[in-house]
Amino acid sequence: MKSSSIKRIALLIIVLGLIIGLRFTGLGSQLTLENLQANAARLRDFSDGHFIISAIAFILIYIMVTGFSLPGALILTLAGGFLYKTLLAAVFVNIGATTGATLAFVFARYIAGTWIQQKYADKLSGFNAELDKNGPGYLLTMRLIPVFPFFLINLLAGLTRIPLGSFVWTTSLGILPGSLVYAYAGQQLGNIHNVKDIFSTRILIAFLLLAGLAILPIVIRKLRISDKK
């Protein structure tokens with residue numbers, strides 16, 4: 001077995017071990033709306049008294065949750081809105097989520113993405129050509145629609161040839177509307193009785209419209225090509 005393969009397997013085992021270990025710590029199970037509301041006063045006191053430390057801790061926890069595909073990102077966003085208000089919370093969430101997603105993307109590409117692209121280069125040529133032209137639009141669309149699992153997009157994108165830069169900017173831009181909505185909801189923490197309260201029909205329609213705008217140039221381009229044929 002090649003040394004590069006051994007390194008990949010070793011890294012995969014280490015990361016899987018960390019994910020399992022983090023899940024056993026119960027971090028994800030602690031990130032619930034009930035716990036957030038129960039500890040709201042203490043969190044606010046700590047944030048007000050140690051703003052910089054709390055902000056750094058918030059971002060690091062967000063990186064860990066998104067990077068290791070742990071549950072609780074939505075609750076963290078609500079907490080950010082409660083502690084830092086909408087705009088600042090959205091900035092912190094964007095930094096943490098984009099960084100965590102990028103780590104997951106790079107991990108997937110290093111572990112399997114490069115190997116898959118080399119081994120199945122011929123079979124993936126058409127797929128890669130489509131992504132070279134329209135990949136950022138597809139990624140942005142999936143980020144804007146909340147129904148696509150965040151962690152799954154990170155891992156699957158890492159298996160493609162989409163450039164890292166395109167992945168980063170589409171992630172950062174695509175999660176911004178959701179970050180603002182959920183952070184604003186966090187400001188109204190006392191009025192939220194269930195996470196489902198955030199997902200109103202209007203909000204979902206707004207996300208779908210944004211996603212439609214993101215993919216519209218691709219659709220128009222394809223229609224023009226089909227007309228020429």
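This is a predicted model: local features need pLDDT of at least 70, side-chain atom pairs count only at pLDDT 80 or more; totals for chains, interfaces and linings use all residues.
Colleague: Is serine 47 buried or exposed?

Modeller: The cut-off for buried is under 20% relative accessible area. Serine 47 comes out at 1% relative accessibility, so this serine counts as buried.

Colleague: And which residues does serine 47 touch?

Modeller: Leaving out residues up to four places away in sequence, serine 47 touches Ser54, Leu83 and Tyr84.

Colleague: Now for helix pairs. How are two packed helices described?

Modeller: You give the angle between their axes and the distance between those axes. Take H5 (residues 51-67) and H6 (residues 73-84): their axes come within 10 Å and cross at roughly 165°. Angles over 145 degrees count as roughly antiparallel, and H5 and H6 are therefore roughly antiparallel to each other. Their crossing is left-handed.

Colleague: Which residues make the contact?

Modeller: H5 brings Phe51, Ser54, Ala55, Phe58, Ile61, Tyr62 and Val65, while H6 brings Ala73, Leu76, Thr77, Gly80 and Tyr84. Sorted by class, that contact of H5 with H6 has 9 nonpolar residues, 3 polar ones and no charged ones.

Colleague: What about the span of helix H11?

Modeller: Count 1.5 Å a residue: the 12 residues of H11 (residues 176-187) should span 16 Å, and the end C-alpha atoms are 17 Å apart, so the two values agree.

Colleague: Which residues of H11 are buried?

Modeller: In H11, those are Pro177, Gly178, Ser179, Tyr182, Ala183, Ala185 and Gly186.

Methods:
Residues are numbered from 1 along each chain as its sequence is written. Side-chain values use heavy atoms; hydrogens and water are left out. Buried means under 20% relative accessible area, exposed over 50%, partly exposed in between (1.4 Å probe, protein chains only). Contact means heavy atoms within 4.5 Å. Axes are lines fitted to C-alpha atoms, for helices over the stretch in contact, and angles run from 0 to 180 degrees between N-to-C directions. Helices (H or I, at least four residues) and strands (E, at least two) are DSSP runs, numbered from the N terminus. Angles under 35 degrees count as roughly parallel, over 145 as roughly antiparallel, 65 to 115 as roughly perpendicular and the rest as oblique. A crossing is left-handed if the near helix is turned anticlockwise from the far one by less than a right angle, and right-handed if clockwise. Ala, Val, Leu, Ile, Met, Phe, Trp, Tyr, Cys and Pro count as nonpolar, Asp, Glu, Lys and Arg as charged, and the others, Gly among them, as polar. The expected span of a helix is 1.5 Å times one less than its number of residues.
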